[in-house]
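Subject: Structure handover

Hello,

Here is the structure I promised to pass on. My notes follow below it.

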Amino acid sequence: MTRADEIARSRGAPVESDAEGGSGFPEPPRRLPSGARRFGRLRSFFRGFFFGGGEAAEGRRPRTTFGKLPGALTRTLSGVELPPMPHVREAGFPKARPPRCSREGRRFGFRPRKPRVPGGEPAWLLPFVLCAVLLLSVLPLARLAGAGVNGLVDGEAARLIFAPATLAALRNTLLTATGGMVVSLILGSLFAFALALTDIRGKLILSFAFMLPMMIPPQVTALAWVEMSGPASPLLKTLGLAPPLGSPQPLYSLSGIALLLGVQHAPLVFLALKAGLAASPRDGIEAARLAGAGPLRVFRDIVLPLGAPGLIAGGAIAFVSGVGNFGIPAILGIPAGIETLPTLIFSRLASFGAATFGEIALISTLIAAISAAGLIVQQRALQGRDYRLIGHSGARAAFSLGRFRVAVEALLWAVLVLVLAAPLLALVASSLVPAYGVPLNFDTMSLDAYGEILFRQSITLTALKNSLFLASAAALGLLAVTVPAAYLLARRKGALAGLVAILIEIPYALPGIVLAVAFILTFAAPLPVVGVSLYGTIWIILAAYFSSFLAVSLKPVVSAMLQMDPALEEAARLAGAGFFRRMRDVLLPLVAPAAGASVILVFLIAANELTVSALLWSAGTQTLGVAIFNLDDSGSSDLAAALSVLVVLLVIALMTALELLAKHLPEGVLPWRN
Amino acid sequence: MKTLLSAVAATLVAGLLSTAAHAESLVLYTSQPNEDAQATVDAFEAANPGVEVEWVREGTTKIMAKLMAEIEAGNPVADVLLIADTVTMQRLKEGGHLLAYKSPEAAGYDAALYDADGAYYSTKMITTGIVYNTSAAMKPEGWQDLAKPEAKGLVTMPSPLTSGAALIHAETLAAIPGLGWDYYKALAENGATAAGGNGGVLKAVATGEKAYGMLVDFMAIREKAKGAPVEFVFPAEGVSAVTEPVGILKTARNVDAAKKFVDFLISEEGQKVAVKMGYIPARNGVALPEGYPARETIKVLPVDAAAAVKNSEAALKTFSGIFGTN
């Protein structure tokens, strides 16, 4: 017990229990001085972006990792009598209390007093994390905001915003994002309700398969669907189901874009909703059932009210993701002359270059504003609601479907076949035919496309090399920032930590295209002092990746740090271990699995990235996403399909690797697991 | 942690080295399709061992935007440009961005096919004609056929905003009496679409989403040879043509290799590479690839390059006004 806690208790304040320290970011304090409260709100705003937020973990006790300590340290801890220290007097091992203030203590500005033991938090830690956050988040965003404001002051803004092309793009963006949101809500809630509440079989595999579309790059999804529908689909031709000549490709339309956005982002709704439902009170449902309420009544009166905030939040995230999506409207919209705001930025920059920096800055601020509006809705949905409910969760299914079980299972599998298996099969089929419009059979089938992209096209290898370099450099390099940042966030509470957490999350919450524009504006001119320009090099892409994926990388590590018993580190500190020593011998071994997951997650997302690199690539710095996009653009759809198939295989392999790591990971890190 | 750090360091160093290495090699910006660009580069590298070519492919207008942005930033990456049309090259020459290099191979060419100062050399002839899906009801013979009711809603074409060849094509047809911008208006009223590049047109027609399209010759002829259900027509009124010129940037870092590259492309050997890929060669005395009619039967519509440079802005505006594209 810390001294601040003691003071607080003496004032009669309840002491917070350990139990609420879930696996998400540090909980926003409930009552704080106004400035800090604002940070807390903003933070919960962006929190939903972590694969649906950390609510799922509420109410769970932190897992003690004591038993996994390296042998030597365990022996030391268990065998050695430690000197009595006032602040660990009541702690004992392994059941210790995190050095926290009570609410009352915080209100009066108390902080946990740092014990005077060698080497607490090193002095460089906070400045280091702050500098990293300033460079990766504050600087580019401030530059973008500045350019936006300049545009407004110029008076150019009104002219540009009301230009027909911009208005049409704005309208298309809103229409497709809203339509996508509706599709996401339908698909996501179907799966969330079925998986969280009923007794269907094969939940893990269903969940894993349903999460796949989110992990597959959007432009690959779009290509796969184009190959599946349309008059020349090798799949439909082979089956003899192809529509007649002149039938328009149905996906090259606003509703096509909306449909695919819906499929791509349905997992977001699924995750947000499942998190809320997982905490729903089984006891309450059972009690209602015993009292004679029918399943529908239970659903309406208990489940739906509990699910509503998750549903609204999930819908808002799906909407925001739809607004920022580039791959799907680029593949489906550009051939049909349908522009959304992100593709408008892309084509402006691609066709008119640097002259349009001011314009694209304004359009990106427009996107950022729409995203912010969506995030505010999400935050409102979650505001003032407390999910923590009494009762057992996750123990038993609330509804047993009885004879409908097979029907529901069939429905779910049918949906998966339609949205996942069929498009991917079509993609494989079109990678095997030699030219457009050729049906797939044993005579026409060939692996030439794979041979071409793997052995003849230097561009594939360059792209592969770049993507692997960017993904591994981002994934590993980010650990250098995230481990100290996670340590800081787990150990410190209060406004500053809250601010750091928000600043880390903002770039991830913003659409990639906005971030890319921010980085162009920041780094187009040569860097001061060294005089080297990053624009046009691979380093500007890497910098943007660092910024964009910082939050992804941080989440598992912070979860692990929070679930770790602080007593371990305290003990090491008492035994005289300095910061680095503690890091090496105590913390790192324990967070290693989470760090591994963080590396794979960032790698997975970065290797498939298109939006940021589409704007930032240059000679020799193409990424896989850009290569696929470009192959399709130049009319080589068989090559684009073949490369896409390889990328999907890579995604599945990485996801499987994560799944195999799962039992070593803190809870809530893998989005498709409960 | 240590292994982690060293891994990061190693990756970063590897990245740095690869960037450094790429500065040594020849950088080519081209608008050829990926497969052709790769084949061209491979043939050149085979003929000139020791020179490594790094290439970037995009539509001509996109490549130009990238290049102009780089020039503005004071750091043009490209050494050599191989893009669709002489109009764009002429504009670069007038802007003082191209290196004058008199290639000894130019002797085998008509004077009209290269710049007198040596700023750029035509490497092949790419005509734009009509492609149709073999299951289409009508067999189009001339440009006017695409405006007929039978083709309503079934025509597509590349956008000049993406493709250099499409810009020249539009400017050429617009200058022909009897066609002109009115022809494009008639097409638009007939439900024709214009978006993306030639690749998109090929895809739309071969897949049967559209029945007719305006397309560059080699794509259609090559795809037909691979088994795609398409046919190419040289329309009765004539075809427009671009010549895919190559030029060296003044700022080229690797001038010697760049000169070798130009020489190779217009040499007899280089021209045979182009023929093998299915292009009409620019050099005299090299036979046309299979699938083409005899050279003298192809009627090429005239285009005034100087006027085209001057009018291209206006042409783009008129075109996007008619088709409402960006």
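First, chain A as a whole. Of its 674 residues, 60% count as buried. Please keep in mind that this is a predicted model. The secondary structure of chain A comes to 27 helices and zero strands. Take the contacts in chain A between residues at least 6 apart in sequence: 82% of them join residues at least 24 apart.

**Chain A against chain B**

The interface brings 60 residues of chain A into contact with 54 residues of chain B. About 4,500 Å² is buried between the two chains, and carbon and sulfur atoms give 60% of that area. One salt bridge is found across this interface. Its partners are Lys203(B) and Asp632(A), at 3.1 Å from N to O. Polar contacts between chain A and chain B come to six residue pairs, counting those with both residues at pLDDT 80 or more.

Several helices of chain A each supply at least two residues to the side that touches chain B, among them H9 (218-228), H15 (341-352), H22 (538-563) and H27 (637-661). Which helix gives the most to that side? H19(A) does, with 10 residues. By class, the side of chain A that touches chain B has 33 nonpolar, 20 polar and seven charged residues.

**Glu452(A)**

This residue deserves a look on your screen. Glu452(A) sits in helix H18 of chain A. Its relative accessible area is 11%, so Glu452(A) counts as buried. The side chain of Glu452(A) makes a polar contact of 2.9 Å with the side chain of Arg456(A). Setting aside neighbours within four places in sequence, Glu452(A) is in contact with Gln457(A), Leu639(A) and Glu35(B).

**The two domains of chain B**

Chain B is divided into domain 1 (23-123 + 244-291) and domain 2 (125-241 + 301-323). Their C-alpha centres lie 25 Å apart. In the contact between them, 19 residues of domain 1 meet 19 residues of domain 2. The area buried between these domains is about 1,500 Å², with 63% given by carbon and sulfur atoms. Thr61(B), Val87(B) and Ile280(B) supply 34% of the area that domain 1 buries against domain 2, more than any other three residues.

There is one salt bridge between the domains of chain B. Four residue pairs are in polar contact there, both residues being at pLDDT 80 or more. On the side of domain 1 that touches domain 2, the elements that give two or more residues are helix H3 (60-72), helix H4 (86-94) and strand E12 (280-281) of chain B. H4(B) gives the most, with four residues. That side of domain 1 divides into seven nonpolar, six polar and six charged residues.

**Salt bridges**

Over all chains, the structure holds 18 salt bridges. Side chains of opposite charge can pair when their charged atoms come close. Here are some of the pairs.

- Glu569(A) and Arg491(A) meet at 3.0 Å, N to O. Glu569(A) lies in helix H23 (residues 566-574) of chain A and Arg491(A) in helix H19 of chain A, so the pair ties together parts that are 78 residues apart in sequence. Glu569(A) is buried, at 4% relative accessible area.
- Asp585(A) and Arg581(A) meet at 2.6 Å, N to O. Both lie in helix H24 (residues 579-607) of chain A, four residues apart, about one turn of the helix. Asp585(A) is partly exposed at 26% relative accessibility, and Arg581(A) is partly exposed at 49%.
- Asp36(B) and Arg222(B) form a salt bridge, with the closest N and O atoms 2.7 Å apart. Asp36(B) lies in helix H2 (residues 34-47) of chain B and Arg222(B) in helix H8 (residues 217-225) of chain B, so this pair ties together parts that are 186 residues apart in sequence. Arg222(B) is partly exposed, with 23%.
- Arg297(A), Arg300(A) and Asp301(A) are joined into one network by salt bridges that share partners.

Best wishes

How values were computed:
Residues are numbered from 1 along each chain as its sequence is written. Chains are lettered from A and ligands numbered from 1 in the order in which they are written. This is a predicted model: local features need pLDDT of at least 70, side-chain atom pairs count only at pLDDT 80 or more; totals for chains, interfaces and linings use all residues. Side-chain values use heavy atoms; hydrogens and water are left out. Domain bounds come from an automatic or database domain assignment. Contact means heavy atoms within 4.5 Å. Buried area is the accessible area (1.4 Å probe) that two parts lose on being put together, summed over both. A salt bridge is a side-chain nitrogen of Lys or Arg within 4 Å of a carboxyl oxygen of Asp or Glu. A polar contact is a pair of N or O atoms within 3.5 Å; within protein, one must be able to donate a hydrogen and the other to accept it, and residues adjacent in sequence count only if both atoms are side-chain atoms. Ala, Val, Leu, Ile, Met, Phe, Trp, Tyr, Cys and Pro count as nonpolar, Asp, Glu, Lys and Arg as charged, and the others, Gly among them, as polar. Buried means under 20% relative accessible area, exposed over 50%, partly exposed in between (1.4 Å probe, protein chains only).
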